[in-house]
Amino acid sequence: MDQSHAPGLDSYQIQDPYQAYERGHGPYQPHEPGYGLYQPGYSLYDDQMPDLNSQKLAIENAKAYLLESSTVSGLNLYDHLANMLTKILDERPTNAVDIIENISKDVKWAQFQKKMDTLRDEHEILPTFEAAEKRKALFLRANGEGAEELEDDIGETPLPNVMETAFYFEQAGIGLSKDESYHIFLALKNLITVHPIQTCRFWGKILGLEMNYIIAEVQYRDGEEEEEAEEEEGTEEGEKGMGELEEEDEDEEKEKDEPPKSTYKPPPVIPKEENGTGANKFIYFVCNEPGKPWVKLPPVTPAQIVCARKIKKFFTGRLDAPVVSFPPFPGNEANYLRAQIARISAGTQISPIGFYQFAEEEGDEDEEGGRDAYEENPDFQPLPVAEMVYSLSSWVHHVQSILMQGRCVWLNPIQKSEEEEDEEDEDEEKAEEPEELQQEVGPPLLTPLSEDEGIQNIPAWTAQPSTNLIPHHAAAILQSNRWPGAYAFASGRNFDNIYFGWGHKYSSENHSPMLPPPVQTEYPSGPEITETTDPTVEEEQAFKAAQEKALAESEEEEEEEEAAEDDEEEDDD
C-alpha cells in the first residue's frame, strides 16, 4: 500500500506533477511508456534541458506501445495513424477533424484482404453488375442491329404500352419503379417475338416468399392455339395409353385371385373449359425477373379452382414447388398460381360502361351460360371523371364470373351421352338415378359494379380521383377491397387493370383451414356377425349329454329298422 499519500487525498487530486516526483511517486513507472516526460524541475516553459537518456527511453516505450498488434485485427495503432495522416495529407479534405472517424474507417477497409483458398484470385462480382448482366439481353435486338428493321417494328404490334399505363397508375402512387417497368416492357417485347401472339397485356405482379412472379396475359393468333392444344392432348393420350396397358397387365394378374370390389362410386369429374373460353380464355406466361425465360402456365381445371377457394397459401416463387394443404390441392404451385389468376381476373377486371358492347349477331341471353363475347364500341363516349368516381354504375365487369362448380358455364355432370345411355339399357340391373342438380347461374357479362356485394360493412370497391388539386386533368382510380392489390384507372378512352399483391382474397376473419371429414362409422352389428359368448361347463355337459342321447336314439332306430327288414325277408321266403 502507498504510504506517501495523505489520508483521504486521492492521487488524481494532485495538480502539480513535480510534487509527485518529490515524494518519489510519479504517474509513470520506468517500464511504462511516457516515463521521463515529467522530471523534477523541468516543464515545457522552462529553459532547462531534460535528460536525453530519459527522454529517449520514454519515446521508445511510447513507440513500442503504439506498435503493439491487435489480437482481433492484427493491426497496430502506429501504422494506422501513419496511414491516416498520409491519406489526409494526400487528399487534403476540408474540415478533416470532422470526418476523422470516416477516414479511419476507410483506412481499415483498404487494409482488409479476403482470405483466398484458390491459386487464382476470385474477382468479386457486385450485385449491380450481376443484375446488369441478366438484363443485358433485354437491350439487344432479336434480329440483329440495323436501321432498316426500324420501319417494320413501327407497324402494328401486340406489344402494350406499359410505360403509358405505368404513368397513369403513378399518378395515384400505384405501380413499380420506372426502371422495372421499362425492363418488363422489354421482356414483353421478347415474348411476342418468340410466340405467335395476337394480344398481350401486363397482368401484374404476384409476390412470393423467395421470388416474385411477373405475369403476362396473351392470346394466340387464330389457328396457333389449336395446334398447341392438339400437341398437349397427344401427350396426354400417350400417357393415358401407357397407363392403360399397365393396368391391363395388372388386371390379368389379379383375375386369378380378385379381392371383393368396392361399390363406392366417386363423384363425376367436371371437365375443364376449352382453351379460349371461360376461365381458360387467356393464356398466361410468368417469369421471376425481367430477362429470365417466360414459362407458360397450364390450363386451369374446375377442381383446382374449387380447392383454391378452400386453402390459403403463400407463393414461393418456384413453379414446381408442391402445395401442401388440406384439402389436398390437385397440382403444384404452377396450377395454384393459374387458379388464383383466374379468380382475381374474374372479380377485378373492369372497364368503363359503354366501352364494350355485345355483337348484334349473337343470340339472346336466355341461351345456356349467357353471352361470353363482346366487342369494342366504336361510338364510345368517355364519361367525366367525377361521375366515374362517385358512381360505381359507370363501371362494368368484362370477364365472366366463376361459378361454384369451378367453371364459367355450368355443366351437368349427370347428363350422359347417347352411347352411355345405350350401354346402361343393356345392363340388367340399374342403379338408382341421383336427383337432378339445380343449374348454377352467375351474374351476366358487363354487370355494373354497383351490384357487387360488400364485405360486411366494407364496400366492394373504393373509387377516388388521382388528384384533388387539379381535378380537370385527374384520372379515376378504383381499388378492389375484396382482392387487395387490384387497381383500375380510366382517363378518357384509356383504361387498364393491374394487380400487385400476394394473391390472397380479403377475409374479415383469420383463415380457418377446412376440418377433416368425420371418422368412418363401424360396420353395423347384427346377429349374423355377432360373436357368441363361450358356454359354461354345465352348458357343455348338458350339450354333450343331449348329443349322446340323440346318438343313442338314432342307433336304436337304425337297429329297429334293420330288424323289421329281416322279418320282411323271412316272410317272403
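User: Is Phe 495 buried or exposed?
Analyst: Phe 495 counts as buried, at 17% relative accessibility. Buried means under 20% relative accessible area, exposed over 50%, and partly exposed in between (1.4 Å probe, protein chains only). This is a predicted model, where local features need pLDDT of at least 70, side-chain atom pairs count only at pLDDT 80 or more, and totals for chains, interfaces and linings use all residues. Residues are numbered from 1 along each chain as its sequence is written, and side-chain values use heavy atoms, leaving out hydrogens and water.

User: How many aromatic pairs are there?
Analyst: The count is 16 aromatic pairs. Rings of Phe, Tyr and Trp (its six-membered ring) pair if their centres lie within 6.5 Å; planes under 30 degrees apart are stacked, over 60 edge-to-face, the rest tilted. Phe 355 and Phe 380 make an edge-to-face pair, 5.3 Å centre to centre with 75° between the planes.

User: And what about burial there?
Analyst: Phe 355 is buried at 7% relative accessible area, and Phe 380 is buried at 5%.

User: Which residue does Tyr 356 pair with?
Analyst: Tyr 356 pairs edge-to-face with Phe 495, at 6.2 Å centre to centre and 85° between the planes. Phe 355, Tyr 356, Tyr 374, Phe 380 and Phe 495 form one aromatic cluster.

User: Switching topic: what's the average pLDDT?
Analyst: The protein averages 80, and 75% of the residues score at least 70; pLDDT is the predictor's confidence in each residue, from 0 to 100. Over residues 237-245 the pLDDT is below 50, and that stretch has zero contacts (heavy atoms within 4.5 Å) beyond near neighbours in sequence.
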